[in-house]
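Student: Can you walk me through this one? Here is what I have open.

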Amino acid sequence: MKPAANLVERAMFILLRVLSYAVIVFLVVMLAYIFKKGFSSLSWEFFTEPPRSEMTQGGIFPAIAGTFYLMVGASVLSIPVGVVTAIYLTEYAQSPGLVKLIRLGVNNLAGVPSVVFGLFGLSFFVTFLDFGTSIAAGSFTLGLLNLPVIIRATEEALLTVPGTYREASLSLGATRWQTIYRIVLPSALPGILTGVMLSLGRAAGETAPIMFTAATFYSPDLPGSLLSEVMALPYHIYVMATAGTHIQATRPLQYGTAIVLIMLVLVLNMAGLVMRYRFKKRMRGA
Amino acid sequence: MKAGSLSHRSIIYDRVLSRGFLFIGMSCLAVLMLIMLFLFKEGLPLFKTVGINDFLLGDAWYPTSAPERYGAFPLIIASLFVTLLASLIAVPLSVSLAVYLSELAHPVVREIVKPVIEIIASIPSVVIGFFGMVVLAPWMQETFRLNSGLNVLNAAIMLAFMAVPTIASISEDALSSVPLSLKEGSYALGANRWQTIRHITVPAALSGIWTAIILGVSRVIGETMVVLMVAGGAAIIPWSPFDPARPLTANIAAEMAEAPYGSTHYHALFAIGILLFFLTMFFNVVAGFLSDKYQFKES
């Protein structure tokens with residue numbers, strides 16, 4: 001019996017390893033392929049010029065700028081509301097029922113499909129509040145989408161701050177708010193910033209929520225106000241890859257745009273992960 | 001600040017803030033309500049002209065022909081088919097990955113692989129769809145001699161890749177939280193590592209793994225860009241994995257731009273939104289219910 005059982009163990013462990021590495025190999029192949037195909041289209045002009053000759057020439061500067069505006073706009077809504085919600089949940093809330101209810105809301109909001117956020121943005125921000133297809137409508141839609149990301153990261157960060165910090169502050173006569181503002185928040189800041197980075201990455205990469213609320217196929221100039229439509233990196237990839245008359249001619253630019261978007265999102269996420277790692281290490285030491 | 005930080009003013013300040021925080025803390029619930037409200041406002045008028053049965057079970061989606069028809073059945077089947085196939089691919093991969101990470105991998109490997117998985121989770125869906133379109137589709141078309149590589153299988157593969165991080169990381173948490181004493185008991189009875197994994201660790205973590213799978217599936221159902229770019233787009237019932245299809249999400253994204261505000265078509269797309277909203281909410285509630293059950297840490 002023994003040798004047979006060990007043989008099964010060996011075989012299963014090999015299988016588990018192979019399946020696990022398959023996922024990572026797929027990721028590496030995908031990134032390598034896109035980088036190999038798109039690397040040649042990266043140039044100074046690509047980053048600084050608007051598209052020319054029906055998208056087949058020029059760069060993607062307006063899309064980079066547009067994505068930047070949307071990221072900032074989304075954060076203006078999601079960071080304050082998200083952080084305050086997390087503070088309420090971890091520091092203030094006293095009734096467990098209410099906490100449970102709010103958490104249920106957060107989880108369900110996180111599960112709402114991004115295209116449904118797009119529909120909501122269209123009916124609420126674009127039509128009902130009459131923002132039109134605009135940076136404002138797109139940013140708010142993305143901001144709501146990002147709320148759960150910020151709330152969860154902030155909550156996690158606040159819970160990591162040892163209770164002794166709070167007790168020490170309260171025993172010195174500080175009020176709850178003084179304790180939170182001067183002690184808890186500064187200690188939790190790196191963890192909160194992790195959430196901010198992850199949510200910025202998400203805002204940069206989402207397409208469906210901005211399709212009907214903010215994005216436009218082509219605008220050579222930068223947006224004039226918060227109520228103008230914008231180009232955005234993910235939408236630019238989608239449109240170039242699926243619509244238009246020169247799908248093959250714009251292929252190198254599609255790969256190039258994909259590289260820019262991937263790099264943007266990866267840098268934000270890695271910064272977030274590194275911060276979280278260092279934060280956790282420090283808090284464990286404390 | 002003067003000697004008494006507990007001055008009357010700061011106490012009042014504290015109280016006012018706590019009320020304000022409660023107000024903002026409710027915002028997620030308010031947003032959820034608002035989303036529901038506006039989906040209903042724009043989606044329910046459809047049923048003044050189209051019966052609910054015709055919408056859910058009608059087999060033809062022709063929004064622009066005369067007479068217009070709004071049978072979402074082919075789209076629903078497309079969503080279910082793509083999701084099922086993606087799950088069949090993603091679940092074995094993710095659970096293997098989770099078991100490998102929590103039970104087998106060297107700690108150094110684990111510290112490297114876990115962030116890599118989070119990186120997969122962060123890749124924008126439009127990039128994944130793009131890869132499926134320009135790489136997997138031509139390859140599939142050639143290898144299987146198809147008319148088009150944009151089909152259910154292609155979409156399922158790319159969606160499975162997207163679902164892996166969700167399922168793997170939550171399953172890994174569940175597996176890691178199985179108490180060591182359970183495993184030690186198993187080893188002490190002479191079981192080897194695989195027998196322990198199979199008969200002790202995985203069963204003990206099972207409700208956590210189910211939570212992970214349900215959340216992953218919910219993410220797959222709601223994913224838009226991948227299916228929009230890769231599934232082929234035909235609003236007909238797909239009978240084989242090599243048929244093109246148009247899942248619910250892709251249909252909204254593809255047609256919203258051409259549906260005039262307030263038209264039946266516009267309302268029909270919002271009605272699909274209602275369907276998606278409740279479908280994913282159902283999955284999330286079930287997942288939340290299951291995850292409440294597997295808390296080892298407290299015992």
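Tutor: We will go through the chain interface, a domain boundary and some salt bridges.

Student: Fine. What are the ground rules?

Tutor: This is a predicted model, in which local features need pLDDT of at least 70, side-chain atom pairs count only at pLDDT 80 or more, and totals for chains, interfaces and linings use all residues. Residues are numbered from 1 along each chain as its sequence is written, chains are lettered from A and ligands numbered from 1 in the order in which they are written, and side-chain values use heavy atoms, with hydrogens and water left out.

Student: How many residues of chain B are in contact with chain A?

Tutor: 79 residues of chain B are in contact with 80 residues of chain A, where contact means heavy atoms within 4.5 Å. The two chains bury about 7100 Å² between them, 80% of it on carbon and sulfur atoms. Buried area here is the accessible area (1.4 Å probe) that two parts lose on being put together, summed over both.

Student: Which three residues supply more of the area on the chain B side than any other three?

Tutor: B:Phe21, B:Phe130 and B:Trp194, with 10% of the area that chain B buries against chain A.

Student: And what about charges and polar pairs across it?

Tutor: The rule finds 2 salt bridges across the interface of chain B and chain A. A salt bridge is a side-chain nitrogen of Lys or Arg within 4 Å of a carboxyl oxygen of Asp or Glu. B:Glu118 and A:Arg276 meet in a salt bridge, at 2.7 Å from N to O.

Student: Where is B:Ser122, and which residues does it touch?

Tutor: B:Ser122 is in helix 6 (residues 107–122) of chain B. Helices (H or I, at least four residues) and strands (E, at least two) are DSSP runs, numbered from the N terminus. Not counting residues up to four places away in sequence, B:Ser122 touches A:Val265, A:Leu266 and A:Asn269. A polar atom of the B:Ser122 side chain lies 2.8 Å from the backbone oxygen of B:Ile119.

Student: Is B:Ser122 buried or exposed?

Tutor: Buried, at 13% relative accessibility. Buried means under 20% relative accessible area, exposed over 50%, and partly exposed in between (1.4 Å probe, protein chains only).

Student: Switching topic. How is chain B divided into domains?

Tutor: Into domain 1 (2–48) and domain 2 (53–293), with bounds from an automatic or database domain assignment. Their C-alpha centres lie 33 Å apart. In chain B, 12 residues of domain 1 are in contact with 13 residues of domain 2.

Student: How much area do those domains of chain B bury?

Tutor: About 1100 Å² between them, 84% of it on carbon and sulfur atoms. B:Leu39, B:Glu42 and B:Leu46 supply 54% of what domain 1 buries against domain 2, more than any other three residues.

Student: What about A:Arg103 and A:Glu155?

Tutor: Their side chains meet in a salt bridge at 2.3 Å, N to O. A:Arg103 is in helix 4 (residues 96–111) of chain A and A:Glu155 in helix 6 (residues 135–160) of chain A, 52 residues apart. A:Arg103 is partly exposed at 34% relative accessible area, whereas A:Glu155 is buried at 9%.

Key:
Polar contact = N/O pair within 3.5 Å; in protein donor to acceptor, adjacent residues only side chain to side chain.
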